[in-house]
4 protein chains.
Amino acid sequence: MVIVMQASATPEQMRQVLHLVETSGFHAHINDGVERKVVAVLGEVDIDKVELVDRFENLPGVEKVNLISAPFKLSSRQYHPEDYIVRDGNLAIGGNRVCIAAGPCSVESPEQIMESAIAVRAAGASMLRGGAFKPRSSPHSFQGLGEPGLKMLAEAGEETGLPVITEVMDAHDLDLVCRYAQFLQIGARNMQNFTLLRAVGQCGYPVLLKRGPGCRIKDLLMAAEYVLCEGNSRVVLCERGITTFEDAARNTTDINAIPILKELSHLPVFLDPSHSTGEWRWVTPIARAGIAAGADGLIIEVHPNPQAARSDGRQSLKPERFAEMMRQVRAIAEAVGRTV
Amino acid sequence: MVIVMQASATPEQMRQVLHLVETSGFHAHINDGVERKVVAVLGEVDIDKVELVDRFENLPGVEKVNLISAPFKLSSRQYHPEDYIVRDGNLAIGGNRVCIAAGPCSVESPEQIMESAIAVRAAGASMLRGGAFKPRSSPHSFQGLGEPGLKMLAEAGEETGLPVITEVMDAHDLDLVCRYAQFLQIGARNMQNFTLLRAVGQCGYPVLLKRGPGCRIKDLLMAAEYVLCEGNSRVVLCERGITTFEDAARNTTDINAIPILKELSHLPVFLDPSHSTGEWRWVTPIARAGIAAGADGLIIEVHPNPQAARSDGRQSLKPERFAEMMRQVRAIAEAVGRTV
Amino acid sequence: MVIVMQASATPEQMRQVLHLVETSGFHAHINDGVERKVVAVLGEVDIDKVELVDRFENLPGVEKVNLISAPFKLSSRQYHPEDYIVRDGNLAIGGNRVCIAAGPCSVESPEQIMESAIAVRAAGASMLRGGAFKPRSSPHSFQGLGEPGLKMLAEAGEETGLPVITEVMDAHDLDLVCRYAQFLQIGARNMQNFTLLRAVGQCGYPVLLKRGPGCRIKDLLMAAEYVLCEGNSRVVLCERGITTFEDAARNTTDINAIPILKELSHLPVFLDPSHSTGEWRWVTPIARAGIAAGADGLIIEVHPNPQAARSDGRQSLKPERFAEMMRQVRAIAEAVGRTV
Amino acid sequence: MVIVMQASATPEQMRQVLHLVETSGFHAHINDGVERKVVAVLGEVDIDKVELVDRFENLPGVEKVNLISAPFKLSSRQYHPEDYIVRDGNLAIGGNRVCIAAGPCSVESPEQIMESAIAVRAAGASMLRGGAFKPRSSPHSFQGLGEPGLKMLAEAGEETGLPVITEVMDAHDLDLVCRYAQFLQIGARNMQNFTLLRAVGQCGYPVLLKRGPGCRIKDLLMAAEYVLCEGNSRVVLCERGITTFEDAARNTTDINAIPILKELSHLPVFLDPSHSTGEWRWVTPIARAGIAAGADGLIIEVHPNPQAARSDGRQSLKPERFAEMMRQVRAIAEAVGRTV
């Protein structure tokens, strides 16, 4: 249930609303909208909802009460009708400017990450990606460099002035990762690691939340709800391909998810065409498609020497190919009235 | 196996090659390329292929012999390396100009189809679509107007100067449909109706072949192979969404299929965002994405009054929304160096 | 809508009911149940249904009127509450006895099919399968022997006393196939070939209708509806595996489909574990699972020499392995209170 | 790579083998087989494998060396050819006796769990299930009772003499859960929570590892590999349904996975028909199918009053229906030569 307050509602009227929310057994989340405040009423209470709507609507200062039919509430556009812009430092994701994060799958050495950072910056990227904790299907595969990798990443970010984004795999590592990174990533396999979602929600850092390859769009929004519930509203949703019967590519890019997520939610939406295709030759056309479909940004794997990469080499672009991708993506962005 | 002839090969040398093909138990298909002829050697023969390659390579006039590992041969780019342009009258599909076919799902009345034709033409479409034979999941649903529908469609096409494309559901109806239409469509449910594929291959009309929603990319190319085998090279492939676990949209647009099909095959590729999304609100962004990903054209459902449509109303654009889609698609086409 | 007549309803009362059905713009199908007649009212008419229910309920001889919410009507258990038994000669499918059809994928030679027939009969099969018209993904693969294959199949059937089942791929071939076979099969790729479904509905032969690998359970029931609508009630539904992301087997056996189909429909249900697994080693355990889940029968690929088979060798059982499968299936059938 | 030692190999010969493993940059896992020891050689080392095989084969006491092509090694039958039996107290999973774990989805109250325990025990279950930490898609849904729930579960287990199995959602909770439970469960959403897998591997408790609904069979085996790598060999694999396009049931039971897992791995395999169908009416037939296909056990949701259940009521059996299921499953188990 969402309570839309009148533009003229007083703090006392708001207090009365919150009082009724709590005495009814629910808890409240407040969205300070540009024009008016909106209160989300959350909880699993066995109560006559129609009667409750009535009682709220009769309180002074309340303009109207809407029932939200979707299971996600705080991540719903019904709760937050305007686009939400995730801001951090100079970075703004979800506004007119399309944001490109790029870099290697894994941080492998100081030289590799520095070379990558310089290259992606030169091509116009606004964030540097790189993994130090790698979730791998096999325990026998390279698991990332850990803290030393984070340091190399942070140094490359500082040197180039690019904020860095990196995956956090476990709530234990959160403090450590936050010491080095400006932006967190929750990987596809952890999309329903609810302990991690809550911890990231409490830590308050902006987070890119990747869709699990076997998860529905509404499950992605429910996962975002876990983060939002803890008071962290800076969530970017990321489509990265789903698992289907089609085996010509590593995954199936669910391009429909982009307009659908933009319709259902106010949160910014990224596309990761490197994982959603699994093959560098298809990254650029699908990157173009993502921006054309309305994505607010892209996250792209770039490696100075893909054939020697310790992970995901096949889907990584060489720096010069990334620069060409950026030129093409820029043209598409302009065609849809945006910039890069 | 594909035999690439030397540019200077004589007709007599070609005859010798064809003679060896046939005496070895295979049959040949010849591609008259711009620079040189290529011979595809087809058939299921229990023979030592390495030795046969050797024999062909020793024939005069032969430049080289390639084994094609893919199960599709005539629809493979290995057989026909350059893009193939499907031409019919003034229409050219697969070249620099993006082609848009539009119109209602079903022909319902002379007024409805004429109004649709005038509207889509005004907005810049270059083909008129409309169904007279409708494959419907339920025998209790509207099955199309049959021949009277074809007549209405043909009249609307003539009046507006638009070539018409319509579905043929059965080999029996082929002659009838060919009397009224310039372009055939094989629907998704008939993608593996091999009798129909062969019949369309023999009739020689250009054909839009839609991918079955449960079929892999390579199966679409195998279906095209049935048409090509009968000597009809004018095939346009069409992605129209696949069936996956995601239920937020009617289907999942397999946008990856566009660059993959363009890589594997020389045939032009269309996208049908009306079916691949199932919801008019998502048609325009996915149409933009399709062109951005490299599609050679779109097929779009447009209806003067979607709410009264006898089929697919939910995914049909109103004429004014289609005009807006065309403006946006034109901007994307220009951004990828093409025109509409 | 389904009109349940009173047990005591007179022919005149039935006539009145049918009269109102037709004057309302619908058409009627009558199910002569054991105890009472049931009338299905079919058609797409823009009418106030509640008012119509009222009018039917007020007619003499009518016990009650039920609206059927499912899109399939004649294939629904709401229309035909008791299990339906498909009978042909001595064969009865859907009763207490589990029915096993077995034989090679393709008829290849008189010896091959005769040897197969003798073996499967000895092991306890009650039908002989074998394809003469083969739908193949590739036009370059073996397409079946055609009429000569049908003759060989019919001879093997006569010799062993087994009724034969074979696939019909096209309405054109129906008369030909009916001259040789007792039971028709509609293959998975043709599940939505509506012309073929109607033709088989009119011909009246009993038919095994295979589920398309990308089709939902309700679409299978809609396909059956096409056959039933034409007056042919002898339809056996067949689960043969669906296409999913799991690639360890050729298809995913949708074992849930068996109890679900038995609940939604009165029609008998078969399982084809040869196609649903694609690997002979898994055929026997999945055959056991099918009978345990409540299937009324199995269709199994058996070949005297699988390694030399012209199609589907990998999933074909050798005769001695089929005999072992029969022993195990018999034990399972007895455990669920049935016989083989 | 797997090194099979001769039956007569001495400890000194084994030491030499292990020495070479380590000096080559790998690490070793030893399987004490009934007849002979097998050494798995693990790690990602850039080395000439053919040459290394040669060196191992020339060591005294080595019978043969096999390369394991699968990415899973310790969970592979190539490493451990005989069936592995997971033992704990009197419990033995994977032997001739089929093991049934049953109980409510969530522990809700002392009465509810005690009543469930008494009922499932009376019907022949050999383990009690019940969740105290519930992974829920929505943060607004019931999340389980936590430690008080674990206490209630442990008391019901003690009272009835049934060992208890319960889900652990996070490595943090592992000590707590181990104080109350005899058997751990890793839920489907955590199948690739690698931190949790490693922690459970180190703790040594027996564990039921559920397949993620969007994960392939080989990914399940890779997840098991994480646990086995840490030295915990007591892993039971559990099929619980996968996400596909079919929406008639909550999930698609991948029944093929049962014989496939039994072939690829030596680990015992369970089926969870409650989740794999999502509907109590289909639980019993699919439970029968699972045992018929070769599963070593079942995990079943049973609730004294499903309609009042705080989670999964729709798929929970009432005690009397569970007792009937047990009778039917027992008959199937006997038909495949096993007991319950």
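Me: What makes a stretch of residues a helix here, and in which helix does S276(C) lie?
Reply: Helices are DSSP runs of H or I with at least four residues, numbered from the N terminus, and S276(C) lies in helix α9 of chain C, residues 273–277. This is a predicted model, in which local features need pLDDT of at least 70, side-chain atom pairs count only at pLDDT 80 or more, and totals for chains, interfaces and linings use all residues. Residues are numbered from 1 along each chain as its sequence is written, while chains are lettered from A and ligands numbered from 1 in the order in which they are written.

Me: Why is S276(C) called buried?
Reply: A residue is buried if 20 or more other C-beta atoms, placed from the backbone, lie within 10 Å of its own, exposed if 12 or fewer, and partly exposed in between; S276(C) has 30 C-beta neighbours inside 10 Å and therefore counts as buried.

Me: Which residues does S276(C) touch, not counting those up to four places away in sequence?
Reply: Contact requires C-beta atoms, placed from the backbone, to lie within 7 Å, and on that basis S276(C) touches E239(C), R240(C), G241(C), N251(C), T253(C), L271(C) and I286(C). The C-alpha atoms of S276(C) and T243(C), 33 residues apart along the chain, are separated by 9.4 Å.

Me: How many residues does each chain bring to the contact of chain B with chain A, and which helix gives the largest share of the chain B side?
Reply: The contact takes 33 residues from chain A and 33 residues from chain B, and on the side of chain B the largest share, 8 residues, comes from α10(B).

Terms used: Helix = DSSP H or I, 4+ residues; strand = E, 2+ residues; numbered from the N terminus. Contact = placed C-beta atoms within 7 Å.
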